[in-house]
Amino acid sequence: MSDQGKTMKNASAEPFSEEICDAVLALNREREARRGHSPRCFVLTFGCQQNVADSEKLLGMAMRMGYARAETPDKADLILVNTCAVREHAEDRALSIVGQYKHLKEKNPDLLIGVCGCMAAQQHRREQLKKSYPYVDFVMGTSVLHRLPELLLAALSTRKRTFCSDEENVIAEGVPIVRDSAYRAFVSIMYGCNNFCTYCIVPYVRGRERSRAPDEIEREVRQLVADGCKDITLLGQNVNSYGKGLSEKVDFADLLARLDKIEGDFRLRFMTSHPKDATRRLVDVMAGGRHIAHAFHLPLQSGSDAVLERMNRRYTTAKYLEILDYMREKMPDIAVTSDIIVGFPGESEADFEATLKMLSRARFDMIFSFIYSPRRGTPAAEMPDQIPREAQSARMGKLLSLQEEIAKEINLPLVGTVRRVLCDGASKTDAGMLSGRDEQNKLVFFADDGTSAGEWVNIKIDRAAPFALYGEKVR
Ligand code: 5AD
Ligand code: SF4
């Protein structure tokens, strides 16, 4: 695991190797000639949007090297499992799926299996994969993702297994990206995290904060808009500290203001923010913007100041409410969402009651709530007074039912309003219905009238539920 050093130097930009890509491409062309079809790659993604964005790079690199996309793992000659380590459950699921791939390798000895992402960035997991998963060909953490061509070349030419350790402070530009959607896109603006919240594994597996140059980001966003992309989310573990360590003096508010100047019909979003770094100036830029969606994800984690302190969050509930109130004052239509952890070590009934009270005061449009999961190597995993599972689950139940009431109350007054919705195509749950997202990122369902995914539609809301709005298309 990395040291807890907090210095931020200029990240060194490591070039992506086109030469090695060409060497793998040549090997794949030979295989294609022998077999009559190109080799195929399947990427399986766990975890957050950052991982989704990383997977789009993994697929982009694979396709650059002559792989076609496989829809299922059994059709693949290369399987890349992009893992998450934020909670134990995600790690267990990834390991269990990797285990299931053993039989695919028996059927197709040419198959290569790579494990990447946050789980793979932990030394003990690398050792476990080396020892107990002999059919895994290579393992690499998030900071060395751009070295996939190198690992593939080694695996294809020598069949030697590689366990690649992470590198500090590296940013690779020029990595090809194959995005899942033509109209919604994620753009990473920075990598890593320096905050060391005591429960969180991210600073250990994604390294220190490093920001991409604003010119590179602007170029990528401009290209996306020119290609017809309509909803762009800027990504980073803590976008509010964007720009530190860059030679150019620029912060996140500056970056947003700069991107907001781009002409086109598109929405800009960002995640995730840290309350200690969210500034009034950022809120002002949002309020005065043309493209910046009035939606803010601001993880609170706990409503108890004592717990926040033990989490090393470095803000109080009063400070949190200050910026929240300012946002609502400047943008009354803003939707604010949050993350809450229940059952953090030492969380008393009174601490939990404080979280419920804070929920009633803050009135989030939606929350993502998590039962605390001890992560090896983090300070909280060693804290006394770990909360038993039953108490954690009972608290989670109470939290969810209070949030459901709040969300229902917030959504009810939206009945009768017209929302501009970006259509995502057929609803996954309701036959005959389409779904999309409005500016506030609320899920909106409407009758299927042939609207295509990626089209804007105006929907008049006639019914509101806690987690979705329902309506009809209007001109
Ligand atoms: N246990 C439970 N939830 C966690 N999160 C991060 N680490 C843990 C953990 N060890 C949650 C936080 C964070 C979100 C992405 O995941 O709420 O904001
Ligand atoms: Fe984890 Fe805290 Fe960094 Fe978010 S800010 S990634 S919760 S350490």
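**The interface of domain 3 and domain 4**

Analyst: About 930 Å² is buried between domain 3 and domain 4, and carbon and sulfur atoms give 52% of that area. Buried area is the accessible area (1.4 Å probe) that two parts lose on being put together, summed over both. This is a predicted model, in which local features need pLDDT of at least 70 and side-chain atom pairs count only at pLDDT 80 or more, while totals for chains, interfaces and linings use all residues. Residues are numbered from 1 along each chain as its sequence is written, and side-chain values use heavy atoms, with hydrogens and water left out.

User: Where are the bounds of domain 3 and domain 4?

Analyst: Domain bounds come from an automatic or database domain assignment. Here domain 3 covers 294-412 and domain 4 covers 415-474. Contact means heavy atoms within 4.5 Å; 11 residues from domain 3 and 10 residues from domain 4 take part.

User: How many salt bridges does the rule find across the interface?

Analyst: A salt bridge is a side-chain nitrogen of Lys or Arg within 4 Å of a carboxyl oxygen of Asp or Glu. The rule finds 1 between domain 3 and domain 4. Lys 442 also forms a salt bridge with Asp 365, with the closest N and O atoms 2.7 Å apart.

How values were computed:
Chains lettered and ligands numbered in written order.
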